[in-house]
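Have the sequence and the 3D view open as you read.

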Amino acid sequence: MGCPKSFSVSGGMGAALLTEPDLIHDILTTLRRNMDTPVTCKIRLLKSSQDTVELARRIEKTGVSALAVHGRQVADRPRDPAKWNEIADVVSALTIPVIANGDVFEYDDIQRIKVATGASSVMIARGALWNASIFSPNVKAHWEDVKKEYVRKSILWDNDVKSTKHTLKEMIMHYSCLEFPEGKAIIKSQNLVDLAKVYGDEEYYESVRANRIALDRHA
């Protein structure tokens, strides 16, 4: 219930649900009643910290196993600082684990937000899209190296090309520019073969493809 994008909100999904506490209750209790696996959910901050806490308490009563809280309101933009203090208010009010989300861009930020909020764990979005080595306690890898490794992993795991392109575009927009030849080539790519060509990985693609065919024959 955290997505503020128009395609979600216009369809009554994502952050639109934050204004429908009764519907939230119905959805979560129905899931809990009919599923054996843990149910979790994610919200954004409401207009006041008190309102957010009240909604969080109501969500906790449905029996969910954990609650993720993004430290911005629906109207806030990504450039607006996440309000870690208001996530802390939710943590103090609940007994279930709270997952803190917002403005985690470096490995050290993981510990910083946990200390600042008291949250049990952390959710990372843009920071992980831009450079997945954020999860490593070692020196952060250069984004160019991460990008090339990501392309190879996408080929190896036959990742959906739309997903792969989205992540690559996010990385390039953050560190460079999509108007350069690399960005334009990614936009034009129709499949993983095209992306392999952009990064000179045609031989790797064919090797993975040959291995996959061989495995299918022996299956």
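At what angle do helix α8 and helix α9 pack, and how far apart are their axes? Before the answer, a word on the source: this is a predicted model, where local features need pLDDT of at least 70 and side-chain atom pairs count only at pLDDT 80 or more, while totals for chains, interfaces and linings use all residues. Residues are numbered from 1 along each chain as its sequence is written, and side-chain values use heavy atoms, with hydrogens and water left out.

**Two helix pairs**

Helix α8 (residues 161-175) and helix α9 (residues 181-188) pack at about 160 degrees, with axes 10 Å apart. That makes α8 roughly antiparallel to α9. For the terms: axes are lines fitted to C-alpha atoms, for helices over the stretch in contact, and angles run from 0 to 180 degrees between N-to-C directions. Angles under 35 degrees count as roughly parallel, over 145 as roughly antiparallel, 65 to 115 as roughly perpendicular and the rest as oblique. Helices (H or I, at least four residues) and strands (E, at least two) are DSSP runs, numbered from the N terminus.

On the α8 side, Lys165, Leu168, Lys169 and Ile172 meet Glu182, Gly183, Ile186 and Ile187 of α9. By class, this contact of α8 with α9 holds four nonpolar, one polar and three charged residues. Here Ala, Val, Leu, Ile, Met, Phe, Trp, Tyr, Cys and Pro count as nonpolar, Asp, Glu, Lys and Arg as charged, and the others, Gly among them, as polar. Contact means heavy atoms within 4.5 Å.

The other pair is α7 (143-156) with helix α11 (residues 202-218), packed at about 25 degrees with axes 9 Å apart. That makes α7 roughly parallel to α11. Arg152, Ile155 and Leu156 in α7 meet Tyr204, Tyr205, Val208 and Arg212 in α11. The residues of that contact divide into five nonpolar, no polar and two charged.

**The cores**

Which residues touch the most other members of the largest nonpolar core? Of its 34 residues, they are Met1, Ile43, Ile59, Leu67, Val69 and Val90. α2 (21-34), β1 (40-45), α3 (49-60), β2 (66-73), α4 (84-93), β3 (98-101) and α5 (107-117) each supply at least two residues of this core. Apart from it lies another core, of 16 residues, among them Val151, Leu192, Tyr199 and Tyr205. A nonpolar core is a set of buried Ala, Val, Leu, Ile, Met, Phe, Trp, Tyr and Cys residues joined through side-chain atoms within 4.5 Å. Buried means under 20% relative accessible area, exposed over 50%, and partly exposed in between (1.4 Å probe, protein chains only).

Take Ile59: not counting residues up to four places away in sequence, Ile59 touches Met1, Ile24, Leu28, Cys41, Ile43, Val64 and Leu67. In α4, the buried residues are Trp84, Glu86, Ile87, Ala88, Val90 and Val91. What covers the buried residues of α4 includes β1, α3, β2, β3 and α5.

**Single residues**

| Residue | Relative accessible area | Class |
|---|---|---|
| His70 | 10% | buried |
| Thr167 | 12% | buried |
| Lys184 | 43% | partly exposed |

His70 lies in strand β2. Leaving aside neighbours within four places in sequence, His70 is in contact with Lys42, Ile43, Arg44, Leu45, Asn101 and Gly102.

Thr167 lies in helix α8 and, with residues up to four places away in sequence not counted, touches Leu129 and Tyr150.

Lys184 sits in helix α9. Lys184 and Lys169 are 15 residues apart in sequence and 9.8 Å apart in space, C-alpha to C-alpha.

Two aspartates have a backbone angle to look at. Asp103, in the loop between β3 and α5, has a positive phi of about 65 degrees although it is not a glycine. Asp158, in the loop between α7 and α8, has a positive phi of about 55 degrees, and it is not a glycine either.

**The whole chain**

The secondary structure comes to eleven helices and four strands. Along its principal axes the C-alpha trace spans about 55 × 40 × 35 Å. Buried residues make up 39% of the 219 residues.
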